[in-house]
Amino acid sequence: MEFSSKLLENAVYEMSQLPGVGKRTALRLVLHLLRQPDTQTHHLTEALNTMRDTIKFCKKCHNISDVALCEICSNPNRDESIVCVVEDVRDVMAIENTSQYRGLYHVLGGKISPLDGIGPQDLNIFSLIDRAKSGVVKEVIFALSSTMEGDTTNFYIYRQLEAYDIATSTIARGIAVGDELEYADEVTLGRSILHRIPFENSLKN
């Protein structure tokens with residue numbers, strides 16, 4: 001792809017680094033921004049810079065937040081005795097959209113995947129164990145994607161929690177095996193949360 005401007009080429013290259021955005025799509029987006037009023041582009045870049053420089057991760061659940069403790073963890077109406085373990089902040093958003101869950105969350109930041117060099121020490125697992133030690137948590141819900149990596153992560157955490165008086169459950173398999181949680185429809189996901197099953201039962205399947 002030939003560019004008449006080095007500045008345009010650089011902008012297209014940076015835009016094409018976004019997931020799912022190829023060079024042609026990047027070029028179309030950049031040219032669109034060039035056709036907009038200066039203020040619109042400046043608002044976009046300012047919003048991105050502000051987000052990148054000031055956004056925080058909740059010190060309790062690791063969800064994205066504007067403050068040290070996210071709105072969910074600081075909400076007194078949430079049931080702090082139940083913690084739903086998810087892979088990514090997008091999964092929190094997906095479950096929240098169901099309006100079926102009133103407990104708290106714990107965002108792992110990924111799944112155990114030896115092939116990718118991701119072990120338990122690379123995830124937010126040990127802070128979850130610390131929450132279990134507090135005695136406040138009575139149930140941990142595993143809501144990871146039903147993939148081999150997800151099941152491996154569930155089992156690892158399950159073994160770490162065996163020493164504590166905590167019930168473990170997993171969302172019902174209304175979520176198809178191999179599906180990513182964030183792509184599930186809200187009705188199916190909501191029912192999976194409501195009809196969760198004891199985790200040890202899932203080991204027998």
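## Basis and overall make-up

Residues are numbered from 1 along each chain as its sequence is written, and side-chain values use heavy atoms, with hydrogens and water left out. Because the model is predicted, local features need pLDDT of at least 70 and side-chain atom pairs count only at pLDDT 80 or more, while totals for chains, interfaces and linings use all residues.

The protein chain holds 8 helices and 7 strands; these are DSSP runs numbered from the N terminus, with helices being H or I of at least four residues and strands being E of at least two. The chain has 205 residues, of which 38% count as buried. Buried means under 20% relative accessible area, exposed over 50%, and partly exposed in between (1.4 Å probe, protein chains only). Among contacts in the chain with a separation of 6 or more, 56% are between residues 24 or more positions apart; a contact means heavy atoms within 4.5 Å.

## Nonpolar cores

In soluble globular proteins, nonpolar side chains tend to be buried together. A nonpolar core is here a set of buried Ala, Val, Leu, Ile, Met, Phe, Trp, Tyr and Cys residues joined through side-chain atoms within 4.5 Å. The largest such core has 21 residues, and those with the most contacts inside it are Cys84, Val86, Ile95, Tyr101 and Tyr105. Two or more of its residues come from each of strand S3 (79-86), helix H4 (89-96), strand S4 (103-107) and helix H7 (186-194). H4 gives the largest share, 4 residues. A second, separate core has 18 residues, including Val85, Ile112, Ile125 and Tyr158.

Val86, from the largest core, has contacts with Asp91, Val92, Ile95, Tyr105, His106, Val107, Leu108, Ala143 and Leu144, leaving aside neighbours within four places in sequence.

## Aromatic pairs

The whole structure contains 2 aromatic pairs. Rings of Phe, Tyr and Trp (its six-membered ring) pair if their centres lie within 6.5 Å; planes under 30 degrees apart count as stacked, over 60 as edge-to-face and the rest as tilted. Tyr101 and Tyr105 make an edge-to-face pair, with 5.2 Å centre to centre and 65 degrees between the planes. Both Tyr101 and Tyr105 are buried.

Phe155 and Tyr158 make a tilted pair, with 6.3 Å centre to centre and 35 degrees between the planes. Both lie in helix H6 (residues 148-161), 3 residues apart, about one turn of the helix. Phe155 is partly exposed at a relative accessible area of 36%, whereas Tyr158 counts as buried at 15%.

## The largest pocket

Rolling a probe the size of a water molecule over the atoms shows where empty space is left. The search uses a 1 Å grid over the protein atoms alone: a cavity is a set of points where a 1.4 Å probe fits but cannot get out, a pocket is an open set with protein on both sides within 12 Å along at least five of seven lines, and lining residues have an atom within 4 Å of a point. Grid points are joined across faces, edges and corners, and a volume is the space filled by probe spheres set on the points.

The largest pocket holds about 540 Å³ of space. Its lining has 19 residues, with Ala11, Met15, Val30, Leu33 and Thr41 nearest the centre. Helix H1 (6-15), helix H2 (23-35) and helix H3 (38-54) each give two or more residues to the lining, and H3 gives the largest share, 6 residues. The lining divides into 11 nonpolar, 6 polar and 2 charged residues. Ala, Val, Leu, Ile, Met, Phe, Trp, Tyr, Cys and Pro count as nonpolar, Asp, Glu, Lys and Arg as charged, and the others, Gly among them, as polar.

## Selected residues

Met1 sits in the segment before H1 and touches Lys23, Arg24 and Leu27, not counting residues up to four places away in sequence. Met1 and Lys23 are 22 residues apart in sequence and 8.4 Å apart in space, C-alpha to C-alpha. Leu29 lies in helix H2 and is partly exposed at 35%. With the sequence neighbours up to four places away again not counted, Leu29 touches Met15 and Val21.

His62 lies in the loop between strand S1 (56-57) and strand S2 (64-65) and counts as buried at 18% relative accessibility. Ser99 is in the loop between H4 and S4 and is exposed at 62%.
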